[in-house]
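Subject: Structure handover

Dear colleague,

Please find the structure below, followed by notes on what was found in it.

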Amino acid sequence: MTQGLSLAAVRITLGNQRFYIPATQVQRCSLVVYEAEDIPRLSQWLGLPDEPEQGMHLHLIVPASNVEQGWYLWGKLENVLLPHSDISPLPELLKQCCQLPALRALVRDEGISPLLSWKI
């Protein structure tokens with residue numbers, strides 16, 4: 001029996017929105033104890049309204065994003081394994097007009113969610 005290809009990823013849930021990042025690109029995630037003013041919220045960096053302050057208050061570090069100080073977020077992070085059949089390339093029209101930073105593919109989960117990835 002052959003094992004299918006899959007991608008180890010981190011699923012980020014902000015309110016009712018989900019995003020995925022390859023696990024190899026996430027360096028660290030920790031609970032926020034003290035909030036520094038110079039660290040942006042992930043939702044703001046993505047150009048989205050602030051997520052509701054529910055779940056855990058987290059500090060996410062993704063070095064490949066070139067956001068050295070990382071981001072704060074309210075939500076939940078989970079390690080998941082995405083089967084290759086759940087990952088779809090971006091439609092050409094979406095590639096040309098999308099403003100979402102680092103959008104590389106779409107993931108079919110309970111809906112359709114963005115897969116964010118940076119060149120390493």
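Residues are called buried under 20% relative accessible area, exposed over 50% and partly exposed in between, with a 1.4 Å probe and protein chains only. This is a predicted model, in which local features need pLDDT of at least 70 and side-chain atom pairs count only at pLDDT 80 or more, while totals for chains, interfaces and linings use all residues. Residues are numbered from 1 along each chain as its sequence is written, and side-chain values use heavy atoms, with hydrogens and water left out.

Salt bridges

A salt bridge here is a side-chain nitrogen of Lys or Arg within 4 Å of a carboxyl oxygen of Asp or Glu. Helices (H or I, at least four residues) and strands (E, at least two) are DSSP runs, numbered from the N terminus. Side chains of opposite charge can pair when their charged atoms come close.

The whole structure contains seven salt bridges. One of them joins Arg 41 to Glu 51, with 3.1 Å between the closest N and O atoms. Arg 41 is in the loop between E3 and H1 and Glu 51 in the loop between H1 and E4, so this pair links distant parts of the chain, ten residues apart. Arg 41 and Glu 51 are both buried. A network of salt bridges with shared partners connects Arg 11, Lys 76 and Glu 78.

Arg 18 has a salt bridge to Asp 109 (3.7 Å, N to O). Because Arg 18 lies in strand E2 (residues 17–22) and Asp 109 in the loop between strand E7 (103–108) and strand E8 (112–116), the pair ties together parts 91 residues apart in sequence. Asp 109 is partly exposed, at 27% relative accessible area. Arg 18 also meets Glu 110 in a salt bridge (3.4 Å, N to O). Here too the pair links distant parts of the chain, with Glu 110 in the loop between E7 and E8 and Arg 18 in strand E2, 92 residues apart. Glu 110 is exposed, at 73%.

Strands

Two strands pair if DSSP finds at least two bridges between them. Strand E4 (residues 56–61) has five of its six residues buried, so it is largely enclosed by the rest of the structure. Strand E3 (residues 28–31) pairs with E4 in the antiparallel sense over four bridges, and Ser 30 has His 59 of E4 as its bridge partner. E4 also runs antiparallel to strand E5 (residues 71–83), to which five bridges join it. There, His 59 stands opposite Tyr 72 of E5.

Aromatic rings

Rings of Phe, Tyr and Trp (its six-membered ring) pair if their centres lie within 6.5 Å; planes under 30 degrees apart count as stacked, over 60 as edge-to-face and the rest as tilted. There are three aromatic pairs in the structure. For Trp 45 and Trp 71, the ring centres are 4.9 Å apart and the planes at 55°, so the pair is tilted. Trp 45 lies in helix H1 (residues 42–45) and Trp 71 in strand E5, so the pair ties together parts that are 26 residues apart in sequence. Trp 71 is buried, at 0%, whereas Trp 45 is partly exposed, at 25%. One aromatic cluster is formed by Trp 45, Trp 71 and Trp 118.

Cysteines

With a disulfide taken as a pair of cysteine sulfur atoms within 2.5 Å, the count is zero. The closest cysteine sulfur to that of Cys 97 is in Cys 98, 6.7 Å away, which is too far for a bond. Cys 97 is partly exposed, at 46% relative accessibility, and Cys 29 is partly exposed at 34%.

Regards
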